[in-house]
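Dear colleague,

Please find below the structure that I promised to hand over. I would be grateful if you could read it alongside the notes that come after it.

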Amino acid sequence: MTILLTTPNGTVGRHPTDALRDREDVRHLVRSASAAAALGPVRGEVVYGDATDAAAVRAAVAGVDRLCLAHPFTEDQAAVETALGLAALDAGARRIVKLGARPFTGSGTAPDAVTGAHDAVVERLSAAGAPELTVLRPDRFLQNFLPSAADIAGGTPADPAGPGARGYVDARDIAAVAAAELLAERPVGGHLDLSGPQALTLAELAGVFGAALGRPVRYADIPLDDAWRAGLLGRGMTPGVVEGLYGLYANYRREGVAGLGDGVRRVLGRPPLPAARFAAEVLVPAASRTRAVFENHRGRTPPRT
């Protein structure tokens, strides 16, 4: 068999890369030499190509038996992922593991572009008769807090998701499930809802982070307003992506307490990783690196801890 990994350097994709980097039957799709360098050493094949380029996609999927399909949220996400998946099926692939999104179930929630893009891809691949299709539907990734590691370490992070409780999931669990489904002789398949072991409010999650960091951390709720939009636009996001994220966060605020998923236990036979483990193993080192960069930028070497 040959496995194709898309976005092998992504928030989730980098973890299947780590799990599968010693296998010769894995192909890694990257856009540039710098992206290939970021992979580090792999025994499998590295192929270059843009997922929006039809010729590059055909070359990438040639001879592929199993596809790990993931793509960041963009205005053309549904089209890009659908084209990749259909090209793989046309090339003879039998199994697709698709990174999707957990559906909203609370009263008052509304269709949003982020969840809708995933649903559109799954519907199209199902209609095309994908022989084996696994759809991973995770709650919010804990790793998405890493860009705010400095603010968290400073005790003053902000987030617009509101006061509800969610089953924040470690992306390492998502990746472990993806790798298991790709390699299994008989995958579990179907829709797998993935979450952490308990639903936490942002205030409770801040307490977990603070305990690991050894300092108080308190989240500030920020409104979904024009200032929030302007901040994202100022970071280079397109208006369509900003509005998609607005819809997603609005649903987080409306849903209240999200249900937990059993996908990690069903596939891996163990409970999901708790937020405290993420905080100790991932957040604390990230905060330390951020502090070191800041101190070095100021011309001082930080004390060793």
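This is a predicted model: local features need pLDDT of at least 70, side-chain atom pairs count only at pLDDT 80 or more; totals for chains, interfaces and linings use all residues.

The chain contains twelve helices and eleven strands. Along the principal axes, the C-alpha atoms fill a box of roughly 55 × 50 × 40 Å. Among contacts with a separation of 6 or more, 74% join residues 24 or more positions apart.

As for the surface, the chain exposes about 14200 Å², and carbon and sulfur atoms supply 53% of that area. There are 33 positive and 33 negative side chains, and the centres of these two sets lie 6 Å apart.

Turning to the interior, 49% of the 305 residues count as buried. In soluble globular proteins, nonpolar side chains tend to be buried together. Here, the largest nonpolar core has 34 residues, of which Phe-145, Ile-152, Leu-205, Phe-209 and Leu-245 touch the most other members. Helices H6 (149-153), H8 (202-213), H9 (226-234), H10 (239-255) and H12 (275-297) each give two or more residues to this core.

Leaving aside neighbours within four places in sequence, Ile-152 is in contact with Phe-145, Pro-157, Phe-209, Leu-213, Val-217, Tyr-219 and Leu-283. A second, separate core has 24 residues, including Val-47, Val-61, Ala-93 and Val-122.

With kind regards

Conventions:
Residues are numbered from 1 along each chain as its sequence is written. Side-chain values use heavy atoms; hydrogens and water are left out. Helices (H or I, at least four residues) and strands (E, at least two) are DSSP runs, numbered from the N terminus. Buried means under 20% relative accessible area, exposed over 50%, partly exposed in between (1.4 Å probe, protein chains only). Contact means heavy atoms within 4.5 Å. Accessible areas come from the Shrake-Rupley method with a 1.4 Å probe; for residues, only the protein chains shown count as cover. Lys and Arg count as positive and Asp and Glu as negative; His and the chain ends are not counted. The place of a charge is taken as NZ of Lys, CZ of Arg, CG of Asp or CD of Glu. A nonpolar core is a set of buried Ala, Val, Leu, Ile, Met, Phe, Trp, Tyr and Cys residues joined through side-chain atoms within 4.5 Å.
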